[in-house]
Amino acid sequence: MFSTKKTIMAASCILGLSAAGMAHAQNTPSHLPAGTTFPSTPADALPVTDPAHPASAPTNGAQVVGNVSGTSTTATPGVLREGGLPSIENASTGNVAGLLSYCVHKNYASGTTPRSVARNLSKRPDVRNDQGYSLGGQGLLQNSTSKPFDIATLELSKRVKLCSDLTKKGQSLTD
């Protein structure tokens, strides 16, 4: 009976550690492409508790983007046009490529066209060095405003429509 209790206790500890590891894995942005940037320090970055060993942001190629302060959302006055979508007119080629990758990854755009357009655009030298590409990969539309727009704040149908519009814009940029 004593060994049964030890076995149950050990199994409980293992299950608890596995659950904690799974929770950490869900919060770790492991799906980000190399060169992905964050407009600020990620929420899951570790706090500095020992000055001799400062914590850092995730190292999967992520970096903090300068000159970006916060994001705008559907609640931000004046960011949505008639029809409830933000303007993509002034989005850079890199931002369009990054957003298309985001749209494909989140299943807001399906089929081979958005994926193909995103891949073709991402091969361009001007896109690889574009800060907008990294922002787009996080679902942030950088248009003419100072704060990028978080497309995740749109209703699902509007996200799908925006991704469709981005695919069309991306096709015109690859011609």
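Visitor: What does exposed mean here, and which exposed residues does the face of H3 turned away from its buried side carry?
Guide: A residue is exposed when its relative accessible area is over 50%, and buried when that area is under 20%. The model under discussion is a predicted one. On the face of H3 turned away from its buried side, the exposed residues are Thr112 and Arg119.

Visitor: How are the buried residues of H3 arranged when seen down its axis, and what do they line?
Guide: Helix H3 covers residues 112-122, and its buried residues are Pro114, Val117, Ala118 and Leu121. Seen down the axis of H3, these buried residues fall within an arc of 100°. They therefore line one face of the helix.

Visitor: What covers the buried residues of H3?
Guide: The buried residues in question are Pro114, Val117, Ala118 and Leu121. The elements that cover them include H2, helix H4 (125-128) and H6.

Visitor: How many of the 13 residues of H2 are buried?
Guide: Among the buried residues of H2 are Thr93, Leu99, Tyr102 and Cys103. Their cover includes H3, H4, helix H5 (131-137), strand S3 (140-141) and H6. H2 is mostly covered, and the number of its buried residues is 11 of 13.

Visitor: How far apart are the end C-alpha atoms of H2, and what should its 13 residues span?
Guide: At 1.5 Å a residue, the 13 residues of H2 should span 18 Å. The end C-alpha atoms of H2 agree with this expectation, because they are 18 Å apart.

Visitor: Which residue with a positive phi follows H2?
Guide: Phi is near 65° at the residue in question. That residue, which follows H2, is Asn107.

Visitor: Which cysteines does the disulfide join, and how many residues apart in sequence are the parts it ties together?
Guide: The structure has 1 disulfide, which joins Cys103 to Cys163 with an S to S distance of 1.9 Å. Cys103 lies in helix H2 (residues 93-105) and Cys163 in helix H6 (residues 156-174), so the parts tied together are 60 residues apart in sequence.

Visitor: What is the handedness of the link of Cys103 and Cys163?
Guide: Both Cys103 and Cys163 are buried. The angle about their S-S bond is -75°. With this angle, the link is left-handed.

Visitor: How are the planes of the rings of Tyr102 and Tyr108 placed: stacked, edge-to-face or tilted?
Guide: The whole structure holds 1 aromatic pair. The ring centres of Tyr102 and Tyr108 are 6.2 Å apart, and their planes stand at 55°. Planes under 30 degrees apart count as stacked and those over 60 as edge-to-face. The pair of Tyr102 and Tyr108 is therefore tilted.

Visitor: Is Tyr108 buried or exposed?
Guide: The cut-off for buried is under 20% relative accessible area. Tyr102, at 10% relative accessibility, counts as buried. At 13% relative accessibility, Tyr108 likewise counts as buried.

Visitor: Which residue forms a salt bridge with Asp165?
Guide: Of the 2 salt bridges in the whole structure, this one has its closest N and O atoms 2.8 Å apart. Both residues lie in helix H6, 4 residues apart, about one turn of the helix. The partner of Asp165 is Lys161.

Visitor: How far apart are the closest N and O atoms of Asp126 and Arg124?
Guide: Asp126 is partly exposed, with a relative accessible area of 42%. Arg124 is also partly exposed, at 26%. They form a salt bridge in which the closest N and O atoms are apart by 2.9 Å.

How values were computed
Residues are numbered from 1 along each chain as its sequence is written. This is a predicted model: local features need pLDDT of at least 70, side-chain atom pairs count only at pLDDT 80 or more; totals for chains, interfaces and linings use all residues. Side-chain values use heavy atoms; hydrogens and water are left out. A disulfide is a pair of cysteine sulfur atoms within 2.5 Å. Helices (H or I, at least four residues) and strands (E, at least two) are DSSP runs, numbered from the N terminus. Buried means under 20% relative accessible area, exposed over 50%, partly exposed in between (1.4 Å probe, protein chains only). Rings of Phe, Tyr and Trp (its six-membered ring) pair if their centres lie within 6.5 Å; planes under 30 degrees apart count as stacked, over 60 as edge-to-face and the rest as tilted. A salt bridge is a side-chain nitrogen of Lys or Arg within 4 Å of a carboxyl oxygen of Asp or Glu. The arc is that of the directions from the helix axis to the C-beta atoms. Contact means heavy atoms within 4.5 Å. The expected span of a helix is 1.5 Å times one less than its number of residues.
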